[in-house]
Amino acid sequence: MSKDNQVLEEFTSKEYEHGWTIDLESDSAPKGLNEDIIRFISAKKSEPEWLLEWRLKAYRHWTTMKEPKWPNVHYPEINFQDIIYYSAPKQKVVPKSLDEVDPELIATFKKLGISLTEQKRLTGIAVDAVIDSVSVATTFKEKLGELGIIFCSFSEAVREHPELVKKYLGSVVPPNDNYYAALNSAVFTDGSFCYIPKGVKCPMELSTYFRINAANTGQFERTLIVAEEASYVSYLEGCTAPMRDENQLHAAVVELYAMKSAEIKYSTVQNWYPGDKNGKGGIYNFVTKRGICAGDHSKISWTQVETGSSITWKYPSCILKGDYSSGEFYSVAVTNNYQQADTGTKMIHIGKHTRSRIVSKGISAGKSQNSYRGQVHILKRAENARNFSQCDSLLMGDQCGAHTFPYIDVENKSAHVEHEATTSKIGEDQIFYCQQRGIDEEAAVALIVNGYAKEVLKQLPMEFAVEAQKLLALTLEGSVG
Amino acid sequence: MLKIKNLHARVEEKAILNGINLEVKPGEVHAIMGPNGSGKSTLASVLAGREDFEVTQGEVEFLGKDLLDMNPEDRAREGIFLAFQYPVEIPGVSTVNFMKTALNKIREYRGQDTLDAVSFLTMMKEKIKLVEIDQSLLNRSLNEGFSGGEKKRNEIFQMAMLEPKLAILDETDSGLDIDALRIVANGVNKLRTKDNATIVVTHYQRLLDYIVPDYVHVLYKGKIVKSGTKELALELEEKGYDWIKDEMEVA
């Protein structure tokens with residue numbers, strides 16, 4: 001092995017930081033999936049009849065579907081009867097305010113660097129904290145409420161704002177959309193709901209923090225964001241999970257709905273447990289994220305920093321329906337050891353003068369496989385549509401793989417579609433150059449990787465950009481070459 | 001400051017350095033000249049700690065420490081600076097950010113506090129003047145899309161920032177027009193003090209018109225075959241390297 005590879009190898013063999021568990025007493029459903037389990041979940045959440053029916057319909061459809069085999073990822077067949085579909089940390093009473101939240105839970109999030117205590121928050125970020133299947137706390141609810149902004153857990157939204165949930169649930173990702181979306185629709189347990197009224201610019205970052213704690217549990221959350229005319233919201237989600245030897249399934253659905261001139265910025269820092277050095281354990285992250293620019297001049301922007309999960313399968317997409325609407329996708333996906341990622345986006349241009357921009361930066365290290373898969377579809381009536389795509393791959397070492405699968409369908413001659421792709425390796429020359437200036441190997445790799453991912457990282461809200469930079473360095477620690 | 005004793009080095013199975021002896025004292029400028037393939041750049045790389053080359057024999061002492069025992073970053077932190085013949089590009093990392101990282105790593109090693117943004121910028125402004133570099137260049141990705149001259153000027157700027165005790169300029173004149181050469185050489189000259197030293201590796205005499213050496217050494221087949229003062233460089237320029245080769249063959 002060349003020296004180069006040795007350094008890379010060392011750099012990528014750093015341990016996962018959030019691998020601890022906390023003994024939370026939990027209230028769980030029995031293992032397995034059938035209509036009774038769905039009724040159990042729905043009853044636990046005291047849901048209205050229509051929602052139970054909606055779930056059952058999704059479940060019945062799911063039983064007729066087959067797991068997708070087209071992604072460039074490999075894993076043993078999942079036994080869906082071996083998963084617990086509902087697990088909630090036991091709380092004696094439903095907390096009415098943060099003061100009533102179990103201190104153990106507050107401590108859990110504190111350990112993750114997330115403060116659920118509002119007065120200690122200086123940066124002005126409202127947080128919805130979700131452990132396993134339920135939301136445990138949402139901060140700044142009142143302050144946001146003064147502006148008419150609704151930010152709460154999905155369960156609460158079902159209780160308090162059923163008309164909104166009924167109207168938009170499944171409107172962007174229908175329950176029968178795909179295998180995992182159907183599964184999620186049947187068994188989703190919680191998530192965040194966010195509604196920004198007409199003309200309101202949300203004054204703070206909204207964020208949801210997801211944590212899987214219980215063993216043998218799947219996490220199936222749903223996020224729904226509706227931005228009314230001329231409103232704006234920036235939303236961030238973060239996620240971690242304990243280190244466990246068995247794989248755990250995370251199948252989420254995110255739906256974004258942007259009306260005329262509305263803008264939704266959605267950022268993800270995904271750090272689910274990636275499995276150990278030998279590929280044992282880790283989260284299967286099978287997620288459907290889609291937004292619709294329903295109104296003219298609306299905008300949806302996805303930014304994702306994907307460092308965790310043993311397998312990632314997700315394509316945050318934009319349906320550009322309104323004229324002059326625009327969609328963006330900025331992604332950094334890092335895979336190390338035996339991680340596999342098949343991620344990218346879909347930009348569906350329906351409206352006239354619609355624009356989309358895709359910037360994807362893949363980083364592969366160890367024995368990992370990293371695929372970009374993206375579709376740009378310009379429909380017949382989408383006059384003067386524009387797309388720019390840039391897909392870069394960075395390889396560290398010679399045992400990993402990077403793949404690019406771009407699909408471009410153009411049905412209108414006035415379209416302009418550009419696609420650029422590069423593949424590079426962190427060179428021994430670059431590392432030596434840094435070393436000669438006094439920068440050690442690990443710091444050199446962090447510097448080079450952050451430089452490479454800069455165009456994406458700068459899209460993140462500032463507080464998170466710094467975190468993301470550290471996370472990138474940490475994920476690759478021990479892997480230079 | 002630097003003592004090289006009987007240094008042998010090879011790349012894969014090929015011996016490139018075959019017993020180099022050289023001593024450099026503070027305040028001195030040494031020029032290493034020689035035909036292509038004589039081992040000049042190898043010597044520079046071995047001193048900087050590049051691991052493509054394997055040292056098979058000999059020792060190198062730098063400020064009383066065993067240089068060959070140190071990893072490349074510690075050599076840099078001890079005060080060795082190599083101005084690269086081919087500076088590499090690092091996309092997305094500005095020279096400013098790069099220098100800030102480097103400087104703080106070096107300061108950390110020396111037990112000094114890291115520089116705050118204001119002190120760093122003040123220092124940078126000062127050095128910019130010294131080496132006549134365009135500030136906008138420093139905010140761009142390191143060496144990406146730089147002309148040959150800009151890359152070399154950037155190397156000298158970095159040298160100014162890091163204030164090395166021993167600077168090794170590896171073919172810094174290659175690919176430079178006469179104006180760029182003068183600016184680069186001026187920068188190097190301004191950075192000279194009685195406490196630091198410079199090794200100039202070059203194929204041509206012309207750089208030595210601007211950076212005047214105290215000693216000139218001629219390298220041939222991995223050995224220093226002739227040493228002298230700056231006049232030796234002029235003689236070489238006049239007679240060409242064949243003169244050395246012929247002399248060696250005769251001997």
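**Reading loops and an interface**

Biologist: Is A:S46 buried or exposed?

Modeller: A:S46 is exposed, as 9 other C-beta atoms lie within 10 Å. The cut-offs, with C-beta atoms placed from the backbone: 20 or more others within 10 Å is buried, 12 or fewer exposed, in between partly exposed. Bear in mind that this is a predicted model, where local features need pLDDT of at least 70, side-chain atom pairs count only at pLDDT 80 or more, and totals for chains, interfaces and linings use all residues. Residues count from 1 along each chain as its sequence is written, while chains are lettered from A and ligands numbered from 1 in written order.

Biologist: Which phi does A:S46 have?

Modeller: Most residues other than glycine have a negative phi. A:S46 has a positive one of about 45°, though it isn't a glycine. Look in the loop between α2 (35-44) and α3 (49-63) of chain A; helices are DSSP runs of H or I, at least four residues, and strands runs of E, at least two, numbered from the N terminus.

Biologist: And where does A:H353 lie?

Modeller: In the loop between β18 (340-349) and β19 (355-364) of chain A. A:H353, not a glycine either, has a positive phi of about 55°. With 19 C-beta neighbours inside 10 Å, A:H353 is partly exposed.

Biologist: How many residues of chain B are in contact with chain A?

Modeller: Contact means C-beta atoms, placed from the backbone, within 7 Å. Here, 20 residues of chain B meet 18 of chain A. On chain B's side, α2 (72-78), β7 (90-94), α3 (95-109) and α6 (148-162) each supply at least two residues.

Technical notes: Contact = placed C-beta atoms within 7 Å.
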